[in-house]
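Welcome, and please open your viewer. We will go from stop to stop, selecting a few pieces each time.

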Amino acid sequence: MNTKNKSIILLSGGLDSLVALGYSKKHTDYNVELAITFDYGQKALKQELETSKKICDYYKIQHRVIKLDWLKEITKTSLVSDEDIPTEELHTNKSAEAVWIPNRNALFLNIAASFCDSFGYNYILYGANKEEAGTFPDNTEEFRQQATKLFETSTLVQPKVIAPLINYTKDDIVRIAVEDNMPLELVRSCYDSGDKHCGKCESCNYLKRALLANNCVEYIKLLFDYDEN
């Protein structure tokens with residue numbers, strides 16, 4: 001491990017951020033020392049915080065929670081409100097709008113960049129992936145490059161933004177997690193606040209399909225309100 005490559009990861013506790021962390025720990029020289037989880041009034045906040053803490057304990061890294069109370073005030077989507085969560089039409093403008101948090105990844109990366117400037121971190125990792133890039137513009141390679149370009153002039157440290165999973169689909173990401181024996185039992189990808197994954201929201205659909213594609217029925221039984229029928 002190259003101890004000079006001090007890194008921060010944005011960690012929600014979902015599939016992508018968990019595997020981005022695990023993958024970076026095993027397959028790269030990024031020395032991830034700190035994970036930041038954001039509290040922006042999301043319905044699943046309690047579950048996300050608990051899961052993120054467990055993941056940080058598992059990988060023995062620091063965990064920091066940043067409160068962004070004002071973000072909920074300007075957000076009208078189902079992640080923070082009691083509106084119905086979409087259950088169909090993945091990869092569409094309609095599904096994206098239903099769960100869009102205004103400027104979320106850019107905001108989160110900018111906050112992480114402030115930590116980089118203050119504490120000498122060189123890299124910021126986040127869980128952008130190939131599949132969601134088709135729906136969310138802040139999951140694309142173009143966005144990652146532009147964010148890195150911004151920090152060349154907005155910071156002194158000039159951290160680079162890294163998306164370890166940028167070329168992988170959800171199926172690939174679950175496969176990597178299984179092959180590397182990552183703690184998938186800790187994943188929390190659901191938008192809702194139940195004890196288990198609802199199995200209905202867009203994020204649940206992504207996760208369940210990827211688990212099925214990798215014959216991971218045991219994780220479906222563990223993570224979801226499971227009905228064999």
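How close do the axes of α1 and α8 come, and at what angle do they cross? Select both helices: their axes come within 10 Å and cross at roughly 50 degrees.

Before going on, a word on what you see. This is a predicted model, in which local features need pLDDT of at least 70, side-chain atom pairs count only at pLDDT 80 or more, and totals for chains, interfaces and linings use all residues. Residues are numbered from 1 along each chain as its sequence is written, and side-chain values use heavy atoms, with hydrogens and water left out.

Helices (H or I, at least four residues) and strands (E, at least two) are DSSP runs, numbered from the N terminus. Axes are lines fitted to C-alpha atoms, for helices over the stretch in contact, with angles from 0 to 180 degrees between N-to-C directions.

**Stop 1: α1 and α8**

These two helices are therefore oblique to each other (angles under 35 degrees count as roughly parallel, over 145 as roughly antiparallel, 65 to 115 as roughly perpendicular and the rest as oblique). Now show the side chains of L15, D16, V19 and Y23 of α1 and of K170, I173, V174, I176 and A177 of α8, which make the contact (heavy atoms within 4.5 Å).

**Stop 2: α8 and α9**

On the α8 side, select K170, D171 and V174; on the α9 side, Y206, R209, A210, L211 and A213.

**Stop 3: the sheet**

Next, select the five strands of the open sheet, in the order β3-β2-β1-β4-β5, with parallel pairing (two strands pair if DSSP finds at least two bridges between them). At the edges are β3 (62–67) and β5 (160–162), each pairing on one side only. Zoom in on β1 (residues 6–10) and β2 (residues 31–39), which five bridges join. There, K6 stands opposite N31 in β2.

**Stop 4: across the sheet**

Bring back α1 (residues 15–27), which lies across β1, β2 and β4 (123–125).

**Stop 5**

Which parts of the chain does the pair of F38 and F108 link? F38 is in strand β2 and F108 in helix α5, 70 residues apart. Their rings are stacked, 3.9 Å centre to centre with 10 degrees between the planes (rings of Phe, Tyr and Trp, its six-membered ring, pair if their centres lie within 6.5 Å; planes under 30 degrees apart count as stacked, over 60 as edge-to-face and the rest as tilted).
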